[in-house]
Structures are given as C-alpha cells and as structure tokens.
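Dear colleague,

Please find the structure below, together with its sequence. The findings follow directly after it, with the criteria stated as they are needed.

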Amino acid sequence: MQKMASEEIDSGDDDFNMNEFSGTTSDSRLRALNNLLQRPMLPGLALPDFEGCPELVNFMRENCKILVVGAGGLGCELLKDLALLGFRQLTVIDMDTIDLSNLNRQFLFRPSDIGKSKAECAARFINERVPQCRVEALCNRIEDFDEDFYRGFRIVVCGLDSVVARRWMNGMLLSLLSFDEDSNLDPSTIIPLVDGGTEGFKGNVRVVTPGISACLECSLDLYPPAVNFPMCTIAHTPRLPEHCIEYAKILLWPKEEPFGVGVNVDGDDPQHVTWIWRKAEERAKEFAIQGVTYRLTLGVVKHIIPAVASTNAVVAAICASEVFKIASSMYSPVSNFLSFNDVDGIYTNTFQMERNPDCLACSQMSVTFDVDFTKTLGDFIESLKVNPKFQMRNPAVTASIEGKQRTLYMASLEQQTKGNLEKTLYDLGLKSGQEVVIADITSPAAKVFHLRSLHN
C-alpha cells in the first residue's frame, strides 16, 4: 500500500488501481487474516489460550472501535494500516488543516486539499478506497471531549507531535479507571494506549495498559527537552530567524496580548502563528536577518523536527501490529517500549519501562512537595515547570485558606491574580501541611499537592 501510495503521488493519478480497493478484492486481501483468526493455531504460533473463531473476526471488524489521534505523518500511515488490517470502526481526531509542506509524506492528501481539515480529508480518502471501512472524522481538540466519549473506544492510538497532548491523553485514560473498595482495578475500564513518535530517522512505540504498566508520565525524562535560546540573545542580539520568532512569542505576546488577556500561544491556531510570524518579520528587518517564514515560525512555536516518511511508515506499522495483538489477544503486545533507529543501518530494541511509584499521573499516592514558604508564588509555579517529575506548562493554583477557596494564580485571570506572583507563600496564607490544587494543560484532571516545609 505504501508503494502504491508513493506511485500515485509521483504520477498525480487519483484513479490508480481502484480495483485494489473494491469490495471483492478487499475481501480477498483479508482472507488470510480471516483464516488466521478463525482456525486453531499450531503450538508456539500464538498464545496458548488463544482460540480462533468467527466471533473474533466479527468483533475486530464491527465492534472494536479504535480512536486514532492525529492525522499527520503518522496518522495517515496508521489509518491506512488499520483499514487494511480489516478494522472498520475507526475515528480520527485532528484540528489541523493541510499545508503544502504536508504533501511530501502525508500521502492521503492532494494539492486540492490544501487549507482543508486533515481529519476530514483523511477519513474521506480511506472510506473511498476501502469501502468496508467507516472512518469518522472529528476536526476538534482532544480536550473538547469528555470521559463518556473516550469510554466508547476499545483502543486509542496516538500519532502526535506534541508531548503536552500525549500527556493529556495519558491522563484521560487513567481517569477512566475504576477501583473497588479494596483498590482492585476493574479490568473492563482499561483502554490500552498505543503511542508512536518519530524524530527524523528515529522513532519509538509505547504500549500502555493503564493501571497495570508504566504510563507515559512515568518516564517524562525520555522526551527530548525543548530547544531554548538565551534570553539575552533573544532580547538584545538576535542572529538567527529563530531568535526573532522566539522574541515575538516570549516577549511581545504577553506584552501586547493580541488575542485577549491571559490567552496563551496556541501553535494549532493559524491566527496565533500568523501574528507571531508578522512580528518576527518586523524584528528580523531591524537586524537585517533573512529567513523568517510561516513554516519556520510554525516549527519554532510547536518545536517541530522535520519528519522522514520512511520512519513514519515503520513506526506506524509497528503501532498497527500492536493494535492487532491487543484486539485479537493472539500475541502479547510489546512490553512495553520499542525504539527504532535507521540513521546508520537499521536498529531496534525493546525493553520494559517500570512503573514509577511516585508518578504524578498513575500513582495512587498523594503528592507531597517540599517548598520554601519564604519564596514567592511565582517561584513556586516556576518550580512546577522545571521539576523533571512534573514538567508543567502553565499551572493554575487554588487553595482553601481560612475556610475560603481562593484562586492564587490562573492565566485566564491574569489581571486579577498576577499580583500574587510577587508575594511569598507565607504571605498568601499557605503553611506546611497545606493542600493546594494544581491544574495544568498537561492533564485533564487537577492534582492535589500537600505542601511540606523544607525547613522541617
């Protein structure tokens, strides 16, 4: 399929080999899979307790609803692979629109699709080429949906370029878990997460069984740190177009507040990116710097690393294989981290990530945070951002002080709460043993922190 898709892009012919995707040929394509899922397997070729049956085929075809998060480089490959594996109940969610630069690797799109929704165009392509498949497109943010929506899926597959979005989805699936009075996990509330990621010629696949295996939050330090430029360079001596873009994003945005008080930069909003691009161009002209473009601006704002089509194809194929294993129970899924590298030849490795007993997301233990109450609230918030255990982006802090619930800081209430940033925790009425509630865009649920004095 990947080979055919490449030939189609090269020739510009939208009508290539349509018979390959017609009903009878598609049934023939799935005949081997149907046989695999229905007949007894020889010892050693499947898990000992696997039993093939027609009901399993029907489940995978009609009842196994899969959510694909992201319709970009990985998402296009995932949709193609899952459809050709016979999964028919697919939903894809992506709020991005198609850009010219996407066409070199996101093969479900055509020049006529530029400016249109990625999710809708990808779903239409798959539905037309694989008639038995029914892909539903949602041009939304993942935060737009509640727990009931996510409970409707058997498996979630992520092909994202955002660590924040990954962490949010990880947190959502953890929030769906149900425990009895003895803290025993209800298996029916588990929705497995298969997460794929690529970075140039490198990639990885994570398989998370919420409540059982290590979650994404258990190993935050595996994610590469964002590239940061010295503030003095950005503010006073820019030399690169990236410096100008960071100047507009970091310094001008909070100063001018172009889209309202407390509105943060959203790399998925074209209006936000365009504003930063224009301001960066003005800055670049002052210092005779060339090369500020919309594409570069988007890459800097979203920390995008150029993608390689072949890496996307390999990682997506591994993800699809893991989905098949989970859905069929024929084989054990990867346990639970697989790395792929084709910089110099081909190298793969798998190893098991252990659960972090102090994980902020999946641990049932309360969060105790040692703080210096003589430090300011601004220092406290900054510590939540730089602490490798938390890595928050823009936390909001509320607490019950003297019997009253107070919002100490929230970006959407910047004008009303920014004065608290300069006050010490002690002056705000906080003390050792105090509980504060922290909300952040990296998680769908707020976290309760127990503050403990460093000097005790």
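Two strands are taken to pair if DSSP finds at least two bridges between them. Helices (H or I, at least four residues) and strands (E, at least two) are DSSP runs, numbered from the N terminus. The model is a predicted one, in which local features need pLDDT of at least 70 and side-chain atom pairs count only at pLDDT 80 or more, whereas totals for chains, interfaces and linings use all residues. Residues are numbered from 1 along each chain as its sequence is written, and side-chain values use heavy atoms, with hydrogens and water left out.

**Strand β4 and its partners**

In β4, Val-156 is the bridge partner of Leu-67. The strand that pairs with β4 here is β1 (residues 66-69), which runs parallel to β4 and is joined to it by four bridges. Strand β5 (residues 193-199) also pairs with β4 in the parallel sense, over four bridges, and Asp-195 in β5 stands opposite Cys-158.

For burial, the relative accessible area is used: buried means under 20%, exposed over 50%, and partly exposed in between (1.4 Å probe, protein chains only). Five of the five residues of β4 (residues 155-159) are buried, so this strand is largely enclosed by the rest of the structure. In a regular strand the side chains alternate between the two faces of the sheet. Both faces of β4 are covered, with Ile-155, Val-157 and Gly-159 buried on one side and Val-156 and Cys-158 buried on the other.

Phe-449 in β13 stands opposite Val-436.

**Aromatic pairs**

Rings of Phe, Tyr and Trp (its six-membered ring) pair if their centres lie within 6.5 Å; planes under 30 degrees apart count as stacked, over 60 as edge-to-face and the rest as tilted. By this rule the count comes to twelve aromatic pairs. In one of them, the ring centres of Phe-149 and Tyr-150 are 5.0 Å apart and the planes stand at 85°, so the pair is edge-to-face. Tyr-150 counts as buried, at 1% relative accessibility.

The rings of Phe-369 and Phe-449 are likewise an edge-to-face pair, because their planes are at 75°, with centres 6.1 Å apart. Phe-369 lies in β9 and Phe-449 in β13, so the pair ties together parts that are 80 residues apart in sequence. Phe-369 is buried at 9% relative accessibility, and Phe-449 is buried at 0%. Elsewhere, Phe-145, Phe-149, Tyr-150, Phe-153 and Trp-168 form one aromatic cluster.

**Helix α10**

Helix α10 (residues 241-256) has 16 residues and reaches 21 Å from its first C-alpha to its last, close to the 22 Å expected, where the expected span is 1.5 Å times one less than the number of residues. A kink of about 30° in α10 is centred on Ala-248; the bend at a residue is the angle between axes fitted to the seven residues ending there and the seven starting there. Buried residues of α10 include His-243, Ile-245, Tyr-247, Ala-248 and Trp-253. Among the elements that cover the buried residues of α10 are α9 (231-236), α11 (270-286) and α12 (294-302).

**Backbone points to inspect**

Most residues other than glycine have a negative phi, and most peptide bonds are trans. Glu-257 has a positive phi of about 45° although it is not a glycine. It is found in the loop between α10 and α11 and is partly exposed, with a relative accessible area of 25%. Gln-391, also not a glycine, has a positive phi of about 45°; Gln-391 lies in the loop between α14 and β10 and counts as partly exposed at 24%. The peptide bond from Ser-335 to Asn-336 is cis, with omega near -15°, and Asn-336 has its place in the loop between α13 (309-328) and β7 (337-341).

With kind regards

Definitions and conventions: Contact means heavy atoms within 4.5 Å.
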